[in-house]
Amino acid sequence: MVIAEVEEFLRECERSGDAAYVAFKLLLERLDDPFTRSAARVFLAKLQSRFDDKEAADECFRTYHFRIHDVFLAVCEGYDKREKLTLLEIPSIFIPEDWSFTFYEGINRHPESIFKEKTVAELGCGNGWISIALAAKWLPSKVYGLDINPRAIKVAWINLYLNALDENGNYIYDQERKTLLDRVEFHESDLLGYCRDNKMELDRIVGCIPQILNPNPEAMSKMITENASEEFLYSLSNYCALQGFVEDQFGLGLIARAVEEGISIIKPMGFMIFNIGGRPGQGVCRRLFERRGFRITKLWQTKVLQAADTDISALVEIEKNSPHRFEFFMGLVGDQPICARTALAYVRSGGRISHSLSVFSCQLRHPSQVKTIFDFLKNDGFKEISSSLDLSFEDEAVAEEKIPFLAHLAGFLKNSSFLPVEPPAGNVRFRNLIAGFLKMYHHIPLTSENVVVFPSRAAAIENVLRLFLPPLAIVDENLTKQLPKHWLTSSGAEVARDGEMTVIEAPRQSDLMIELIKRLRPQVVVTGMASFEAITSSAFEHLLSATRLVGARLFLDLSDHLELSSLPPSNGVLNFLASHVLPPHAALLCGLLKNQVYSDLEVAFVISEEVSTVNALAKTVELLAGQTPLLSQFYYGCLLRELLAFQIPDRHPSPLREAAAASPPETISLAGTVASVFARAEPPTNQSLLPVPAMVRAAVFEGFARQNVAEPEADVRPGILSLLRRTLGLAITPEFFFSGDTPLSLFSRLAFFCARSGGTLCFPAGSPGNYASAAKLLGAATVVIPTHPDEGFKLTAPALSDALRHIINPWIYLSAPTSAPAGSVYTRCQIRSLVAASAAAGARVLVLDSSFSGLEFGKEEEEEEEGAENWGLGQKDGEFAVVVLGGLSLELLTGGLDFGYLVLDNSVLGETFASFYQGLSKPHSTLRYALRKLLALKAAPSGPLQTAVLQQKSLLRRRSDRLTQVLRECGWEVDPNAGGMTLVARPTAYLGRTMTLEGSPVVVDEDSVSDMLVQTTGLRVNSGTWTGLPGYCSFSLALQDDCFDQVLLALCNFHQILLT
């Protein structure tokens, strides 16, 4: 329709609100056209002049479904001294009122420079008046007015033309010779969707967003189009729908979503300004921003009357179902808040209610890090974490430490498809950071090769003593609390039995310690230093001299004196090492426990410049614990990285250091049993490098992100007992439940208990080699019970009964249901028969290790068994006990993030084991929180975790079939597997063949084939020595895709080399 006359236009508008909208939409087309723009603006001026006072404008709104009127701003406002805005309003668009005027007043509290030449977005712009006023006053480079209501955007464009051109159709230029058309755009957008889709970065985000939950939730699910009803489109301005945020319960969900969307788009130094109604309470309003990492400033606060057309019944329903109370006031003068229920009753009786209205300005306190965190949380499956995330801190020092760590953790979990199993010496990057810190801040030129990492200081001290097994050790009395009790004596007069150790406690004062060293002549000394002695190097030098004279090894604890700070205090020991090489008989020990955030999160390290000492200590970690928890190293690594990130590397030349004297010949070396175990031990190759599912990474992040985790939230015991019932058919409520960083660390304690009890650990042939090595390292007598390939190398009841006839006090180890490393799977009937055979033969303990189970992919179907059983765990006071040892790495697909548990219900055994359990490093509450969540997911009948488990089982099955095929084609005899991450095979076709290595002929035999694989192809597998199956090597299935393909290629290459 071509609009020529005002009267014709009005007749069209009079038909209905929809007809009026269509008429203005056609007029907008003329405004958009530069050739007809001026005439269209003149027509709007004539239309406005037809209704030139308030009464006439209101009558126009009722009759013709629109009005054009002037909104007056402050006198001589802004750069162009604009006093008013001319605005079009229609019924389906939110009409400016106290709510938006208060918001504009809050924006006005900012200085004029805050928006000048900035890129700004206004959310919920409605008819666009705030975007236009902001552009007119502050001259930003661009303002994007955004609204989900398509009619609002059309009206906003008309209002832009109304104010960019004067009544005569001429452009209005500002002092920079630009018009409002150069500075403002309007776009239909669900919050910041337009900016996100166009990859914009914003300097400022402002928003006046609805905060009442729609009393009819289904209404908000309608498709939003410009043809929707006027009532529905208008409701978009008054109500918000559920957004999936915890703030929904307060009607703040839409603002919460806007804030989180804004985090990814706002520039690091940008800020957001929002209008917040005080109905939920000021604390709730502030927390919405603070828990997302914002510093907030309240710009302005007043009271406004609650809009008469806004239904607050949804808030009444929330009060009925929660303890929260909303805040309203009776009229504008009341100062005592009333709840929503009282407010609704007051309104229905004819009263008017008000609520406080605040304008908040908020800015990210750590912009880059918070952006990284929320970018991570955008991934599928991470939405729930957003509700529990809390980046508000009363102590700024906590924020300075935790937010950067969470950002590093988010980046790591986002970019890593798997959680790696760390080397025994510790994460290489973490060790490099320790060495880098000592080099940068204390000028000690060390490398990662000088550092070995332990789960805790107590673990480091215990491993040191086990490594050397000195007949006599002197240990600082402050460091003995978690050592095995039988090592401790009241005086040096007692003589230890052959092969055992006596530990003497000594005071932490160097002169007294030196006196004891001279008189008692110990082989190992572990001590700390008093604070006053750590200031200079004198006490340390005297300790070095005293221990060297008697041939003792010195391990000096610096835990109380090493500060992770950009201004660390002077330290006499470290000052000494800056100019002197650490003598070979000495090492430094440090437990990291001092941090602002996770008070009980610990990791420790030992520094030595004697390579053999570092390697030997790393081997103790490998055999007794498996690894130091990954995330403990990651946390302290983040602290160190922050201290090193701003430093210029190698700015100072490495100092010349005085060489250390050689250790005297009488210095104690590795204990004989330790050396023999080390000589035969191999690093296990059965760790998982399979992808870690999103829900696992989400749970890990949430565990660290949560604040003030209550103990029940981190209690994994109920979930683990439920898991045992479902997977093993065990119905138990054990009296004793123990947890450790790894199943191996708990087994080590059991093996030590067995050794002290005079027991003999019986391993079926084909048990994990590191378990057998740990038992030998701890002095336990061991026996291998034969198994047969025809049985899949599973232990049988007759073989067990026959073997136990000749063994006194047997303790039996059984990897079940999945037998590792062979990968065979025991049925429940077979396990039950082994339990019965063990009890009948007089065994003391059966250790049922389920830590290699959970990924059975070829298990034969068993008949359903009614109920569950306790397999002897219910015998609380009997002579025979079944101990369930387990882990969650395979059950929950956590990869290198391990957790061990030990369950028993025998009071005699449990109480005694508790004394051996003392001193073991325990899983941190952050990990236990994550595992508890994952255990709950595991217990569900179906879900994403069950799907991921099925996918990994399918992957392992395919790889098992593929590897079996390649091995057989290359002449290996393969034992079929049905679960787990490994299979075993024997190089039958190669035995007796000769190949040339380094120019010399070598005959292939069962003991040398694994070494030959490494030397010729680089492929490392565990040999028959490790598997306990002579001639059988163990191959891993749980590798990354490219690594698995390389294994297959290496086997083919090895086959080709032998043939030629």
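Predicted model: local features only at pLDDT ≥ 70, side-chain atom pairs only at ≥ 80, totals over all residues.
Tutor: In helix H28, Leu 746, Arg 749, Leu 750, Phe 752, Phe 753 and Arg 756 meet Leu 909, Thr 912, Phe 913, Phe 916 and Tyr 917 of helix H32.

Student: What classes of residue make up the contact of H28 with H32?

Tutor: Eight are nonpolar, one is polar and two are charged.

Student: At what angle do H28 and H32 pack?

Tutor: About 110°, with the axes 10 Å apart. H28 covers residues 743–756, and H32 covers 907–917. That angle makes H28 roughly perpendicular to H32.

Student: Is the crossing left-handed or right-handed?

Tutor: H28 passes H32 in a right-handed crossing.

Student: New topic. In what order do the strands of the open sheet come?

Tutor: The order is S30-S31-S34, three strands with antiparallel pairing.

Student: Which strands stand at the edges?

Tutor: S30 (973–974) and S34 (1033–1036). Each has a single partner strand, so one side of each has no neighbour in the sheet.

Student: How many bridges join S31 to S34?

Tutor: Four, and S31 spans residues 982–986. Ala 985 stands opposite Cys 1033 in S34.

Student: Which helix packs on the sheet?

Tutor: H34, residues 944–969. H34 touches S30, S31 and S34, and its direction makes about 10° with that of S31.

Student: Now Phe 899. Where is it?

Tutor: Phe 899 is in the loop between strand S28 (881–887) and strand S29 (900–904).

Student: Does Phe 899 count as buried or exposed?

Tutor: Buried, because its relative accessibility is 1%, and buried means under 20%.

Student: How far apart are the C-alpha atoms of Phe 899 and Arg 928?

Tutor: They are separated by 8.7 Å, and the two residues are 29 residues apart along the chain.

Definitions and conventions
Residues numbered from 1 in each chain as written. Heavy atoms only, no water. Pairing = 2+ DSSP bridges. Helix = DSSP H or I, 4+ residues; strand = E, 2+ residues; numbered from the N terminus. Contact = heavy atoms within 4.5 Å. Axes fitted to C-alpha atoms, helices over the stretch in contact; angles between N-to-C directions. Buried < 20%, exposed > 50% of the residue type's maximum accessible area, 1.4 Å probe, protein only. Parallel < 35°, antiparallel > 145°, perpendicular 65-115°, else oblique. Left-handed = near helix turned anticlockwise from the far one by under 90°. Nonpolar A, V, L, I, M, F, W, Y, C, P; charged D, E, K, R; others polar.
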